[in-house]
Amino acid sequence: MNNPEGARMAELFVKAPLPMTTEVVASGSELIGNVTLSISENPLGVGGGKASAEIKSYNEARELAKSLVSHLAPIEKGSSTGCGDGRELVKTNTGEDQVVSPKLFGGSVNAAAGMQVISGSELPGKPYEKIFKTIADTLTAADRRLGAHIDTHAHGEASHCGSLDGAQKIYAAAGSNGDALQPLVKYFTEKLGFNFDVNEYAQQVRRSAEFAASSSFETWNGAKGINETIARGGLVRTLEGGDHDDPAHGHKENLITVILREGVSLRKEDFISANKGKQTFVVTFPQLIKKAEIMTVNPDPAEASLEVARKVQAGILFQLAHALVVPDGTQYLTVIE
Ligand SMILES: [Zn+2]
Ligand SMILES: [Zn+2]
């Protein structure tokens, strides 16, 4: 393994956040209607990362979670998938203003790459750069506008997207925390309407570890992910990176929000300003199904539906593994459906 951080992750263990408490909350928007909001009774994570929450108590987290609801909105047609990073948008590479977009950690391509690698469609040892390019081509050919991000002080080989820069660490975290993450992966797989396959899951965890330990990352860096996105006409958002000497790079996420309602996302900037700078990670999981369908190659309908299910399960594992790498382990998990 060429990344000592990846090796360190193997020693850390997730504190499983389930059970969840659930209540129905009015959204205040006719377009969205009422949503069901659930919040984990314990924070999620291991404290592997630097994104630090100001909120430390369950009740405070619950109040903040409730305030999400009035900032939900329908996803803008044709908008590109942004990262689940909670920091505020400063600008985009094209000057476009996509406010309500789907969100997955890593943006369009890295989220799909996680799905492909962990579901076994890509083999250990293959250069990650090559996998990324192939997936960027596939998504573009399917008429998907690519999305990725940097932050205000990104330079050189780093994108300052924790997913692009830390891809190897994230695969390692998925590999080393498989048992601890299993209840959550099962929970979300079933919430998305798929059967959780425990044998397949064991293989996915093993593949994650093998891939992290392979030499696939030797030519990879986050800036390459950004360049590939721009080369295909994608949207690159610049997020607020905070003071130059801030080790958290402006990260102040207090929640990890999973949106299960199809076609809905968060007006992140409105949420931040309404809550005096408090942030939330946010991912829109129905987007995983769309990506899985694009990536599925099996021509037989029955086989294809199994392939989609495997990819969705793998995509969930990859997304949840981010929670072990970027945040400091004090964030509560919030689910909106
Ligand atoms: Zn990111
Ligand atoms: Zn930064």
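Entry 1. I am working with a predicted model, where local features need pLDDT of at least 70, side-chain atom pairs count only at pLDDT 80 or more, and totals for chains, interfaces and linings use all residues. Residues are numbered from 1 along each chain as its sequence is written, and chains are lettered from A and ligands numbered from 1 in the order in which they are written.

Entry 2. I looked up the secondary structure and found 12 helices and 10 strands (DSSP runs numbered from the N terminus: H or I of at least four residues, E of at least two).

Entry 3. Next I checked size. The C-alpha box along the principal axes is roughly 45 × 40 × 40 Å.

Entry 4. Among contacts between residues at least 6 apart in sequence, I see 81% joining residues at least 24 apart (contact: C-beta atoms, placed from the backbone, within 7 Å).

Entry 5. I then turned to helix 11 (residues 286-295) and helix 12 (residues 301-322), whose axes come within 9 Å and cross at roughly 130° (lines fitted to C-alpha atoms over the stretch in contact; angles from 0 to 180 degrees between N-to-C directions). In helix 11, Leu288, Ile289, Lys291, Ala292, Glu293 and Met295 meet Val308, Lys311, Val312, Gly315 and Ile316 of helix 12.

Terms used:
Contact = placed C-beta atoms within 7 Å.
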